[in-house]
Amino acid sequence: MSFDPIAYINEPRWLESRLGLDRIRKLLERLGRPQDRLKFVHVAGTNGKGSTCAYLASILQAAGFRTGLFTSPYLITFEERIRVDGANITLGELTDVTLEVREQAEAMADHPTEFELMTAVALVHFARQGCDAAVLEVGLGGRLDSTNVIDPPEVAVIARIGLDHTKLLGNTLAAIAGEKAGIVKPGSAVVSYPQEPEAMAVVEQAAAEAGDALTVVDLAQLEAHDVSRETLVRPFSYKGRPYRTRLLGSYQPANAALAIEAALALRGCGWDIPDEAVAEGIERTQWPGRFEIADAGEGRPTIVVDGGHNPQGARALVESLDDVFPGQEPVFLIGVLEDKDYPAMLETVLPHGSAFVCVAPDNPRALPAHKLARAIRWTGQDLLGCSACVNPYVARDMDDGLAKARELAGAGGLVCAFGSLYSIGALKAAL
């Protein structure tokens, strides 16, 4: 029987999240420490870290560096979590590397978790591929996340910090910032989004204790311009230089500015990254599922897909909708995970919708669609006086939900699908 690397990595026995670095350290020791043959950009944060990683990988590629990119979760195919120069790891490569990792993992008394296996597979693959740089997105937190097994990265990047995964990371911004800033180590440059004061103080302290130079994005020098509906490009300028991004969310120029500052920090470490490569990398960046116009055409509604999955993401989504589609009230196609702060997300989006369709994401932690519908009714009627919230549609599956949302929006209308990155693959399949 042939070996299925995806089934092995997703074996239920080791799907649970167990923070800590002992297992991944032992596993990588057994694999010959592939991380020692690589140089890293390490990115933590609550919102925007995936987009920032995508921008940075694109910039490094534009500058001529062979670049690995490790992100999670996947949207369409499992292989997209590990990329080299924009190309997903092939199934054959994934099989070969996973067999090597499995041999060592099976010999360990304390078997590595799913994410630890994935981290090891990514690092071995990047080393095999001779990557000049590897951009690593933290999976959860930072301090005890398996990606933090690396020695000091060239640059440690802290994206915007918000309240998420509070049961594991703490229920204050300062506590969560302490976990995120755990990727800061002596010998790195540190670049941060301008955080809320209590989180910023933690990041500043971490950089100072490590003796690292800290750069903070200067939002006063960021000027975003209107999206061109013809070209689907958002122009902006940062520190007087013009840029263009095809990621249309209102928050994307700030994510791009964070990547720009990280690229400049890499340049300060000796990396040859010309200004032209920075601009080209920003414009070439693709990152599906983040305020993405997934379908639009004559005689049918425009469909926007956004992976926002916490209150901060919901606020950014509403701002982007008002910015790109002023005056339009979308039909919201919503699917959320039960362990997220979906009541706060609903309070943000419900006043802006014309109708609501509920669906359960394809994930064991999904909130059932009928429970989401009940939450919409309660929140809408009790808190917001929302007449559109009285009778949300409960979809059987994503195909049913998409069909109903299109019907409710009508030709020329707007559908916005959001609430979980885990819904996006099913939605794109339905499209």
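Me: In which sense do β2 and β3 pair, parallel or antiparallel?
Reply: This is a predicted model, so we're going by computed strand assignments. Three bridges link β2 to β3. The sense of the β2 and β3 pairing is antiparallel.

Me: And which residue in β5 is the bridge partner of L69?
Reply: β2 also pairs with strand β5, residues 133–137. That pairing is parallel and runs over four bridges. In β5, L69 has as its bridge partner V135.

Me: Which residues of β2 point the other way from T67 and L69?
Reply: In a regular strand, side chains alternate between the two faces of the sheet. In β2, T67 and L69 point one way, and both are buried. Pointing the other way, and buried as well, are G68 and F70.

Me: Is T71 buried or exposed?
Reply: T71 sits in the loop between β2 (67–70) and β3 (82–84). The cut-off for buried is under 20% relative accessible area. T71 has a relative accessibility of 4%, so it counts as buried.

Me: Which residues does T71 touch, leaving out those up to four places away in sequence?
Reply: T71 is in the β2 to β3 loop. Once residues up to four places away in sequence are set aside, the contacts of T71 are C53, E80, R81, E137 and W287.

Me: How about E11: buried, partly exposed or exposed?
Reply: E11 is in a loop too, the one between α1 (5–9) and α2 (22–30). Buried would need under 20% relative accessible area and exposed over 50%. The value for E11 is 23%, so E11 is partly exposed.

Me: What separation do the C-alpha atoms of E11 and T113 have?
Reply: Along the chain, E11 and T113 are 102 residues apart.

Me: Which are the edge strands of the six-strand open sheet?
Reply: The order in this sheet is β12-β13-β17-β14-β15-β16, with mixed pairing. An edge strand here pairs on one side only. At one end, β12 runs antiparallel to β13, joined by four bridges, and E292 has V305 as its bridge partner in β13. The edge strands are β12 (292–297) and β16 (393–394).

Me: What angle does the direction of helix α11 make with that of β17?
Reply: Helix α11 covers residues 311–324 and packs on the sheet. It touches β13, β14 and β17. Its direction and that of β17 make an angle of about 160°.

Me: What volume does the largest cavity have?
Reply: Rolling a probe the size of a water molecule over the atoms shows where empty space is left. Counting cavities of 30 Å³ or more gives one. The largest cavity has a volume of about 70 Å³.

Me: Which residues lining the largest cavity are closest to its centre?
Reply: The lining divides into nine nonpolar, three polar and one charged. Elements supplying at least two residues each are β13 (300–306), β14 (331–334), β17 (414–418) and α15 (424–430). Of the 13 lining residues, the closest to the centre of the largest cavity are L333, M398, A417, F418 and S423.

Me: Which element gives the most to the lining of the second largest pocket?
Reply: The second largest pocket holds about 350 Å³ of space. Its lining has 15 residues, with S58, Q61, G86, R284 and Q286 closest to the centre. Two or more residues come from each of α3 (49–62) and α10 (275–284). With five residues, the element giving the most to this lining is α3.

Terms used: Residues numbered from 1 in each chain as written. Predicted model: local features only at pLDDT ≥ 70, side-chain atom pairs only at ≥ 80, totals over all residues. Heavy atoms only, no water. Buried < 20%, exposed > 50% of the residue type's maximum accessible area, 1.4 Å probe, protein only. Contact = heavy atoms within 4.5 Å. 1 Å grid on protein atoms, 1.4 Å probe; cavity = no way out; pocket = protein on both sides within 12 Å on 5 of 7 lines; lining within 4 Å. Points joined across faces, edges and corners; volume = space filled by probe spheres on them. Nonpolar A, V, L, I, M, F, W, Y, C, P; charged D, E, K, R; others polar. Pairing = 2+ DSSP bridges. Axes fitted to C-alpha atoms, helices over the stretch in contact; angles between N-to-C directions.
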